[in-house]
Amino acid sequence: MLVIGLAINVAAWTQMPEVVPQHAGVTGQVDSWTSRNGFLAFTVISIVLFTAALLGASAAVGLSSEGLHAPGKRAERVTYWQHPDRWPIFRPRLWSLMAWFTGWFIVAMAVGANVFALSPRFNLPGWLALVVIFGAMGLELAWFVVRMFRLLDADV
C-alpha cells in the first residue's frame, strides 16, 4: 500500500503545473502555493511519517494483551483472546489488520492530497479534497471496526 500511495503521488506529479496549492482557508480559497517538487517532497515525507507512526502504534498494541478492551458483550471475547494461550494467535491477526488499515490510510491521504493539488487545473472546488479524504477515511474506519469485531468473534 505504501508503494501504491507513493505511485499515486508520482503519477499526479506528472500532471501538476509548476505551482500548486499548498493550503486553503476555511472558505476553500487557496492562500498558499508551493512548487510541485515541494508538494511531492511534503506528501512523500508525510506518507512515510504517518506509516511509521501507525505501524509503530500497531506494534505497541501487539506487545501486550492488556491494552485490548471492548465494551458490553464483546468484553467476554476480548477476555477470551487475552488468555496467554490464545494471545500469540490473535496478535499477528491484529497486527495484520492494523497494517491494512495503515495502507488504506496512506492511499486515502495520497488521493486526497493530489485531488487538492490538481484542483485548480481541473477547476475543482478546494473543499473536494476534504470530502475525498474524510469520506475515504470514514469508509476505512467503518471497514476497520467491522473487521475488528469479526476478528474478536472468530474462534481459534
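Q: Which residues does Leu118 touch, leaving out those up to four places away in sequence?
A: A contact here means heavy atoms within 4.5 Å. In this predicted model, Leu118 touches Ala12, Gln15 and Met16.

Q: Where is Leu118 found?
A: Leu118 is in helix 4, which covers residues 87-118.

Q: Is Leu118 buried or exposed?
A: Compare its relative accessible area with the cut-off: buried means under 20%. Leu118 has 12%, so this residue counts as buried.

Q: What separates the C-alpha atoms of Leu118 and Ala129?
A: The two residues are 11 apart along the chain. Their C-alpha atoms are separated by 9.7 Å.

Q: How do the axes of helix 1 and helix 4 cross?
A: Read the angle with the distance. Helix 1 spans residues 2-13. Its axis comes within 8 Å of that of helix 4, and the two cross at roughly 10°. Angles under 35 degrees count as roughly parallel, so helix 1 is roughly parallel to helix 4.

Q: Which residues of helix 1 and helix 4 meet?
A: Helix 1 brings Leu2, Ile4, Gly5, Ile8, Asn9 and Ala12. Helix 4 brings Ile106, Val107, Ala110, Val111, Asn114 and Leu118. Sorted by class, this contact has nine nonpolar, three polar and no charged residues.

Q: At what angle do helix 4 and helix 5 pack?
A: About 170°, with the axes 8 Å apart. Helix 5 runs over residues 128-153. Angles over 145 degrees count as roughly antiparallel, so helix 4 is roughly antiparallel to helix 5.

Q: How do the residues of the contact of helix 4 with helix 5 divide?
A: Sort them by class. There are 25 nonpolar residues, two polar and three charged.

Q: What volume does the largest pocket have, and which residues lie nearest its centre?
A: Start with the volume, then go to the lining. The volume is about 610 Å³. The lining has 30 residues. Nearest the centre are Gln22, Ala113, Phe116, Leu130 and Ile133.

Q: Which elements each supply at least two residues of that lining?
A: Among them are strand 1 (19-24) and helix 2 (36-63). Helix 4 and helix 5 also each supply at least two. Helix 2 gives the most, with seven residues.

Q: By class, what does the lining of the largest pocket have?
A: Count the classes again. The lining has 18 nonpolar and 12 polar residues, and no charged ones.

How values were computed
Residues numbered from 1 in each chain as written. Predicted model: local features only at pLDDT ≥ 70, side-chain atom pairs only at ≥ 80, totals over all residues. Heavy atoms only, no water. Axes fitted to C-alpha atoms, helices over the stretch in contact; angles between N-to-C directions. Helix = DSSP H or I, 4+ residues; strand = E, 2+ residues; numbered from the N terminus. Parallel < 35°, antiparallel > 145°, perpendicular 65-115°, else oblique. Nonpolar A, V, L, I, M, F, W, Y, C, P; charged D, E, K, R; others polar. Buried < 20%, exposed > 50% of the residue type's maximum accessible area, 1.4 Å probe, protein only. 1 Å grid on protein atoms, 1.4 Å probe; cavity = no way out; pocket = protein on both sides within 12 Å on 5 of 7 lines; lining within 4 Å. Points joined across faces, edges and corners; volume = space filled by probe spheres on them.
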